[in-house]
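Open your viewer, switch to a cartoon view and keep the sequence panel within reach.

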Amino acid sequence: HVRQLYALVSETLRYASVLEKLLDGAALLQAEKKLAPQLAKVLVYDLLFGKGLKCGGRWKALARRHRPRLEAELARMKVRHKVSRNEDLLASEKAVSAAASQVPRYVRVNTLKTCVDDVIDFFKCQGYAYLGKAATVEELKALSGKKFLLDLHLPELLVFPSQTDLHDNLLYTSGHIILQDKASCLPAFLLGPVAGSHVIDACAAPGNKTSHLAAILKNKGQIFAFDVDPKRVATMNTLLTRAGVTGCQLVQQDFLTVDPGDPKYSRVTHILLDPSCSGSGMVTRGPGEEVAPSAERLQALAAFQRRVLSHALSFPALWRLVYSTCSLHREENEDVVQAVLQEWGSTFRLVTAFPSWPCRGFAAFSGAERCLRASPAETLTHGFFVAVLERCGEGAAAPSSLPAAAKGNPQPGEGTEPGAAPKKKKKKKQRVK
């Protein structure tokens, strides 16, 4: 009996992610509030994947009562993944896990509280071996054990092996480091506002990009961070407080309802726009999630993205905007940028984002190669898309390649604005003890 129980638990764990999605889709736990998630998984596994329920009493009756609902949700899951056998759902899960295992653990140093050198020293004291700055992506891929590198592209990003768990580390709990994927760091880095700028983070929650903007601004200037969901705004407030962010106004409001003519936003020169998308680039997505959205859903998302991007470009003092998604779909990326440029092409232009970045935009239109893409296979990151737009006309004679930091790794944005001089002296940061 012990061997049989062990075998049942092992098989249930193999199907854990699939079972979680089945339980959610069939709303079993909501219908049976006294049922523990762990017991529900075992019951559902035995009912649908095992050799039938071996238990008796009320648990057997309860599971059988929900069998049609569970079977219907299982059928929908197989249709979404275009598979015919239950075992093939595990193949999808393994593919996701394989992609996720390639992506290292990226750690952004929060320069509002500390500096890169102090964080490196701290990890050395914890027994980690620092290998210096990476020269190639292959070096990141080869990381193992308690070793870490400085990223080859972003100057305040440390790279650890993918299995490294730092959620309980003192630096993380105190806000000195931010656990943020490298691709997610690109939008704020490429926006590069100088200290004192007024910036909008249009779809800000949960706030990692907002805290990155604050670090680039050195807490000098003003950030307006919008999100329509009150719970997400509360979460963002907690994260930004822990990160030491000041000069940021959180606004619980749909960005599409914001009036660009409001005097409050008359000095906004930079906008970071990372709107809702299909999320198809996230390598940690489970097998029950919508990895391949329907054509109708993609069209609806793209229509929303075009509206919000066009709205963002209507702010009168806007000089630079970064549009980004964690989507792989051309409909949400190049097609959105192309459509909006057809409307705003005489006012804004697409500039070359990060010339040394290896993955460029799909050749959907002339100039699409100025956008950049990221992927687990080529850049060891989540799937991502970034486009940088700048206002044409006076002041637009700034270089059309971003960022300047890619060459010498100064602070992103310094010296890239018209009339802005590079800053040479760095302020002494709080030391990590």
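Among contacts in the protein between residues at least 6 apart in sequence, what percentage join residues at least 24 apart? The share is 70%, where a contact means heavy atoms within 4.5 Å.

This is a predicted model, in which local features need pLDDT of at least 70 and side-chain atom pairs count only at pLDDT 80 or more, while totals for chains, interfaces and linings use all residues. Residues are numbered from 1 along each chain as its sequence is written, and side-chain values use heavy atoms, with hydrogens and water left out.

**The whole protein.** With everything selected, you have 17 helices and 14 strands; these are DSSP runs numbered from the N terminus, helices being H or I of at least four residues and strands E of at least two. Of the 433 residues, 52% are buried (under 20% relative accessible area, with exposed over 50% and partly exposed in between, using a 1.4 Å probe and protein chains only).

**Select 37–49.** This is helix α4, whose end C-alpha atoms lie 17 Å apart; its 13 residues should span 18 Å at 1.5 Å a residue, so the two agree. The expected span is 1.5 Å times one less than the number of residues. Now show side chains: the buried ones in α4 include Leu-43, Val-44, Tyr-45 and Phe-49.

**Select 182–191 and 208–217.** Here the axes of α11 and α12 come within 9 Å and cross at roughly 35°. Axes are lines fitted to C-alpha atoms, for helices over the stretch in contact, with angles from 0 to 180 degrees between N-to-C directions. Look for Phe-189 and Leu-191 among the α11 residues that meet α12, whose partners include His-212 and Ile-216.

**Select 295–312 and 334–344.** The axes of α14 and α15 come within 9 Å, crossing at roughly 40°. That makes α14 oblique to α15 (under 35 degrees is roughly parallel, over 145 roughly antiparallel, 65 to 115 roughly perpendicular and the rest oblique). Residues meeting here include Arg-306 and Leu-309 in α14, and Glu-343 and Trp-344 in α15. The contact divides into 6 nonpolar, 2 polar and 2 charged residues.

**Last stop: Phe-354.** Find Phe-354 in the loop between β11 (348–353) and β12 (372–374). Is Phe-354 buried or exposed? Phe-354 is buried, because its relative accessible area is 1%. Finish by drawing a C-alpha to C-alpha distance from Phe-354 to Arg-370: they are 16 residues apart in sequence and 8.5 Å apart in space.

Conventions:
Ala, Val, Leu, Ile, Met, Phe, Trp, Tyr, Cys and Pro count as nonpolar, Asp, Glu, Lys and Arg as charged, and the others, Gly among them, as polar.
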